[in-house]
Amino acid sequence: METLSTNKSHGGVQGVYRHASHTTGTDMTFSVYVPPHAEGAKLPVLWYLSGLTCTHANVTDKGAYRRACAEQGVIFVAPDTSPRGDGVPNDEAYDFGQGAGFYVDATEAPWAPHFHMRSYVEQELPGLIAAEFPVDMGRQGITGHSMGGHGALTVALRNPDRFRSVSAFAPVVAPSVVPWGEKALGGYLGADRDGWRPYDACALILGGARVPELLVDVGDADQFLHDQLRPELLRAACDAAGIPLTLRLQPGYDHSYYFISTFMADHIAWHGARLGG
């Protein structure tokens, strides 16, 4: 692991790091904020998965999470959204290819050799974080925005024993039935929709996957609300499954980091209460 930068913030350290990933076959960059803590202490960790076109830098620069993490005693980890670099396939559209990994393990050419973001965020990166930072891996939470909200929900639903808390900002809750998801899942996984089910939060819930509870915020002025996000489908799935869902439609807010940064501290406090930060 190579340290690219470190900066003190709210008594802790914000770092940016790079490593050679055996999962993606590329270098991967991620950021970690470690709040102030006692010598030898192990802290809970909150994973944040970013949305389309983003890298680790978007939330690191604009997410406004460090004060809240310092108050809650929670480590904050933000990976990239896809493999990148020479030899990694790409697409001209913003919603496919580099910057748009959709947290799947691709099976279709030319994406399959590198686009293994599911395995990267579920297996490889957690192993690296556990080895290099003072984390208590028995106290993990996960959140994310848009495509990353989709990632957070599906990762948690597939690994219910790993995460004590799950939230999302404007998540894509049913990618199998919205344009972003149909394009990405079809392109990375092929035409067989049965293979898409592990990457669709509503399908996972309706198929029996469970988490203790969910917190979701969406802006009612979000330009993607009705055609891409479809939070009412998550409400219906959670109601049918008996999963407690706090779904807050925030008046006047859009899809941007102005929205995310407004409610980030609230989400971190919610996670902190469940992680024992």
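Analyst: Helices (H or I, at least four residues) and strands (E, at least two) are DSSP runs, numbered from the N terminus. The model is predicted: local features need pLDDT of at least 70, side-chain atom pairs count only at pLDDT 80 or more, and totals for chains, interfaces and linings use all residues. Residues are numbered from 1 along each chain as its sequence is written, and side-chain values use heavy atoms, with hydrogens and water left out.

User: Does E39 count as buried or exposed, and why?

Analyst: Buried means under 20% relative accessible area, exposed over 50%, and partly exposed in between, with a 1.4 Å probe and protein chains only. E39 counts as exposed because its relative accessibility is 83%. Its C-alpha atom is separated by 43 Å from that of A174, 135 residues apart along the chain.

User: In what order do the strands of the open sheet lie?

Analyst: Strands of a sheet pair through backbone hydrogen bonds, either parallel or antiparallel. Here, two strands pair if DSSP finds at least two bridges between them. The open sheet has nine strands in the order 1-2-3-5-4-6-7-8-9, and its pairing is mixed. Strand 1 (2–9) and strand 9 (245–250) are the edge strands, each pairing on one side only. From one strand to the next, the twist averages 20 degrees.

User: In which sense do strand 7 and strand 8 pair?

Analyst: Strand 7 (residues 163–169) and strand 8 (residues 214–219) pair in the parallel sense, over three bridges. In this pairing, A168 stands opposite V216, and S167 stands opposite L215. Strand 8 also runs parallel to strand 9, to which six bridges join it; there D217 stands opposite R248.

User: Which residues of strand 8 point one way, and which the other?

Analyst: In a regular strand the side chains alternate between the two faces of the sheet. In strand 8, L214, V216 and V218 point one way, L215, D217 and G219 point the other way, and all are buried. Since six of the six residues are buried, strand 8 is largely enclosed by the rest of the structure. Helix 8 (residues 231–241) lies across strand 8 and strand 9 and runs at about 160 degrees to strand 9. Such angles run from 0 to 180 degrees between N-to-C directions, with axes fitted as lines to C-alpha atoms, for helices over the stretch in contact.

User: What are the buried residues of helix 5?

Analyst: An α-helix has 3.6 residues a turn, so residues three or four places apart point the same way. In helix 5 (residues 179–189), the buried residues are W180, G181, A184, L185, Y188 and L189. They lie on the same side of helix 5 because they cover an arc of only 100 degrees around the axis, the arc being that of the directions from the helix axis to the C-beta atoms. These buried residues pack against helix 7 (225–229), where contact means heavy atoms within 4.5 Å. Just after helix 5, G190 takes a positive phi of about 95 degrees.

User: With which side chain does T143 make a polar contact?

Analyst: A polar contact is a pair of N or O atoms within 3.5 Å; within protein, one must be able to donate a hydrogen and the other to accept it, and residues adjacent in sequence count only if both atoms are side-chain atoms. The side chain of T143 makes such a contact with the side chain of S167, at 2.9 Å. T143 lies in strand 6 (residues 135–144) and is buried, with a relative accessible area of 1%. Not counting residues up to four places away in sequence, T143 touches several residues, among them L46, W47, A168, H267 and H271.

User: Where does the backbone of H10, S146 and P110 deserve attention?

Analyst: Most residues other than glycine have a negative phi, and most peptide bonds are trans. H10, in the loop between strand 1 and strand 2, has a positive phi of about 50 degrees although it is not a glycine. S146, in the loop between strand 6 and helix 4 (147–158), has a positive phi near 60 degrees. H10 is partly exposed, at 38% relative accessible area, whereas S146 is buried, at 3%. The peptide bond from A109 to P110 is cis, with omega near 0 degrees, and P110 lies in the loop between strand 5 (75–79) and helix 3 (117–132).
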